[in-house]
Amino acid sequence: MQKLKQANLYRSELIPISGKLVERYNQCLQKLGFTPTKLTSFSIDGIGYSPEIAEEKGTTMYLNNGEANPHAIIISPLQKGKPVYSEFHSFDREMMKQVFQVHGQKINDITRDSAICIDFDQDIDAFYEPLDVLKYNKVYIKFHLVNNLDKLQKEQQQLIDTFRQGNNFIDEDLHAQLLASAKANGDLRGRDLSLHSLQYQTDSFYTKSFGGVYVLRDFISPIVVFEDEKWYKEAIKDTVHDVTIYHIEQPELMDKLRDHVIIEHDLEEALNTTRYQRVKKMEFAMALKDTQHPLRDILNDAVLFKSYLNKLDIDTRKRVMGVELYLDKIEVSNQYKIADIVDVNLFNALHIPHSSLTAKHQDLIWKLLINVSPRDVLFLYWYDKEEFYKQYSTWEDSFKDWVIETISNNI
């Protein structure tokens, strides 16, 4: 990942944590029922997730008490607006945006000497069946301060109120209690430490529960898409819920999304886009083996591209250039079908969210499309960084150079 780091494409916006902040982070972990980290320094994202701690604990879901109970940690106001690198839900960043919009000033004050644990409560204690994800409705965002600083504030205020009554100002025991409270917690009188709960209304979303599930319920009829075949097979046994269920690799899924006006395609229009060139070049690069020239040069040089294209067997050549071949043929006759000429993965990769969708739903559908057919390295990086990093580690060095150049030129 060193090349990605040098290009600021690998976890470049994480916040470094060390010293006293490590202690506060561990206090949050313990308050949430988790074991503390043994690391003395690490980095966190906007929701308080740390890739180093995830590696230490062997799971990206170390902030979850079961798949139905995710949490967040705020130990710095710098987390405001930061990316969420390992989203458990597709709406995690939206929830954190709401948290900072409503409580931003209080967070600035509280994190001077404390930390905030967040419980995302959707009134579901635990999942038992895969279609339990349909229970998502409102998420109640609840806040807890480490060391119960808000309760200590109330206790300190009660001591002050008692001090002001009658002749209590001469009570030496009361003096000692006030001094002990001030030494331990500082002067809490003028601080606003009250963080009232918030609500977030879910609609269509993605969750990592049950191996990854898309819940699309803002369209003609509800659709649930499973990434994990085991949970898909379990879900289709359900006879109670009125939903259409797919595994992400089912060809019928794309038909359904088109029928429900969720996605669309226009190959002729796509042909003139840089996105099509990225998709085609990735398809081409995956077909090349043991080249004399670096893949980066082959993909960037038109002469080398044609040279190596002609070295491929005819079936592979047709797969790479299927879109151009199809468009050429239908100029002569409309008897040709897309499926007969254009490779299905290439065809799927050239779909886009329907133009009628809201921006939020478009982002969700882009994530779904890029997981159906991960052929666009830029969009894979934008919409599923975890999968991008996983695939990146398997690529040839020169292809990595082309990928980094492609992404850097579009940021």
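So, E387: with a relative accessible area of 22%, this glutamate is partly exposed. Keep in mind that we are looking at a predicted model. Which residue does the side chain of E387 meet in a salt bridge? That would be K390, at 3.8 Å from N to O. The contact counts as a salt bridge because the cut-off is 4 Å between a Lys or Arg side-chain nitrogen and an Asp or Glu carboxyl oxygen. Both residues sit in helix 19, which covers residues 385–392, and since they are three residues apart, about one helical turn separates them. K390 itself is exposed, at 55% relative accessible area.

Now let me take you to another helix. In helix 2, residues 20–31, we find E23 and K20, again three residues apart, about one turn of the helix. They form a salt bridge too, and their closest N and O atoms are 3.4 Å apart. E23 is partly exposed, with a relative accessible area of 39%.

Next up, a pair of another kind. R275 and D376 bring their side chains together in a salt bridge, 3.3 Å from N to O. This one links distant parts of the chain: R275 belongs to helix 10 (residues 274–287), while D376 lies in the loop between helix 17 (359–372) and helix 18 (377–383), and the two are 101 residues apart.

If you want the total for your notes, the structure holds 19 salt bridges, and the three pairs I have walked you through are K390 with E387, E23 with K20, and R275 with D376.

Last stop, the surface. Which residues gather there in a patch of negative charge? They are D266, E268, E269, D328 and E331. Two helices, helix 9 (267–270) and helix 14 (322–332), each supply at least two residues of that patch. Take E268 as an example: this glutamate lies in helix 9 and is exposed, with a relative accessible area of 57%.

Notes:
Residues numbered from 1 in each chain as written. Predicted model: local features only at pLDDT ≥ 70, side-chain atom pairs only at ≥ 80, totals over all residues. Heavy atoms only, no water. Helix = DSSP H or I, 4+ residues; strand = E, 2+ residues; numbered from the N terminus. Buried < 20%, exposed > 50% of the residue type's maximum accessible area, 1.4 Å probe, protein only. Patch = residues over 30% accessible without salt bridge, like charges linked within 9 Å, V, L, I, M, F, W, Y side chains within 5 Å. Areas by Shrake-Rupley, 256 points an atom, 1.4 Å probe, with all protein chains shown as cover. Lys, Arg positive; Asp, Glu negative; His and termini not counted. Charge placed at Lys NZ, Arg CZ, Asp CG, Glu CD.
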